[in-house]
Amino acid sequence: MSSGSDTPAATAAPESVRVGIVLREEDLGAWSGRLSELADRSVAAGIDHLTVGDHVSFAGGHGADGLIQAAALLAAHPGVHVQTGVYLLALRHPAVVARQLATIGLLAPGRFTFGVGVGGDDPAELELCGIDPRHRGARTTEALRCVRWFMSGEQVEFRGRFFELDGAIRPAPAIPIPVLVGGRSDAALARAGQLAEGWLALWVSPRRFTEAIGRIEAVAGEAGRGRVRWQHALQLWAGFGASQAQARERLGATMEAAYSIPFERFERYVPCGPPEAVAAALAPYRAAGCRRFNFVPEADSLDVAIEAVAEVKALLSAASA
């Protein structure tokens, strides 16, 4: 059983810039019944993927299942690519998740990326699912290892701290499903190096991004995973508007309502303004090697956000040429 990737590393020119839009609960609610239109507009604008979150019961019961959201979007348009950013794997059994992933791989081969995180922002969510919040990291690592084994199509015989498994999930996806691991801790970086094709960074400086990538790839080398086609990405909030002040005011109110923390705590990681200003703020990440950006956009509308993110992509791509 293997937990790594044997895909040869790319040796060609630097990867092109790719961008995604993170769809929040209210976005999907507003576009309910019109997901094909939303997906079509995104693909037509040049958005490379749509990203969905995942919660069982967050902040008083809110949330939406990440894999169900992903399946709905994948079915809405034959050209759309979807990611989870991030799926709370600790809340589920790895055999069930592996079956769901195998089904997605069958219905939408090559169009899904499995972003995984530990959660814990609302401990009540873990407790509702019978999970001790103190164990969420170790449980995520063990579950992800098991999911990867299942995704090989091999017979899995495993006795671990949290799971005892004896069985297989077949057929394995014809096109392997890439895994991204989110999180800022050393344990998350180790998890990415051992078990994933990339890291989904959040609230990091360009310097921290570079340092973390180095650590992840060192861990991968130590684990015998020296030939990974890495897909590291930065996930970030961004405010779009005619001016930086206007965009900041709108985004600050939204983020303070979402996190109950003063916006100043986030501000250095959150670009605001017209697309040119946002692209300029992201240039240091591009210089650090980041080529994938997932935007949680705040704008006059989701349509406006899609066009603004597409413009940021064009600007970053031109600078990378």
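**Entry 1: ground rules.** I am working with a predicted model, where local features need pLDDT of at least 70, side-chain atom pairs count only at pLDDT 80 or more, and totals for chains, interfaces and linings use all residues. Residues are numbered from 1 along each chain as its sequence is written, and side-chain values use heavy atoms, with hydrogens and water left out.

**Entry 2: confidence.** I looked up pLDDT, the predictor's confidence in each residue, from 0 to 100. The protein has a mean of 94, and 95% of its residues reach 70 or more. Over residues 1–12, though, the pLDDT is below 50, and this stretch has 28 contacts in the model beyond near neighbours in sequence; a contact means heavy atoms within 4.5 Å.

Entry 3: On a 1 Å grid over the protein atoms alone, a pocket is an open set of points with protein on both sides within 12 Å along at least five of seven lines, and lining residues have an atom within 4 Å of a point. Of the 46 lining residues, I find His55, Phe58, Asp121, Leu202 and Tyr259 closest to the centre. Helix H9 gives the largest share of the lining, four residues. By class I read 22 nonpolar, 15 polar and nine charged residues.

**Entry 4: the cavity.** A cavity is a set of grid points where a 1.4 Å probe fits but cannot get out.

**Entry 5: the core.** The largest nonpolar core has 90 residues, and Phe114, Trp199 and Leu282 are among those that touch the most other members. Helix H11 (residues 302–320) gives the most to this core, with eight residues. Not counting residues up to four places away in sequence, Phe114 touches Leu67, Tyr87 and Ile177, among others.

**Entry 6: Gln69.** Is Gln69 buried or exposed? I find Gln69 buried, because its relative accessible area is 12% (buried means under 20%, with a 1.4 Å probe and protein chains only). Gln69 sits in helix H3 (residues 66–76) and touches Leu28, Val52, Gly53 and Ala64, leaving out residues up to four places away in sequence.

Conventions. A nonpolar core is a set of buried Ala, Val, Leu, Ile, Met, Phe, Trp, Tyr and Cys residues joined through side-chain atoms within 4.5 Å. Buried means under 20% relative accessible area, exposed over 50%, partly exposed in between (1.4 Å probe, protein chains only). Helices (H or I, at least four residues) and strands (E, at least two) are DSSP runs, numbered from the N terminus. Ala, Val, Leu, Ile, Met, Phe, Trp, Tyr, Cys and Pro count as nonpolar, Asp, Glu, Lys and Arg as charged, and the others, Gly among them, as polar.
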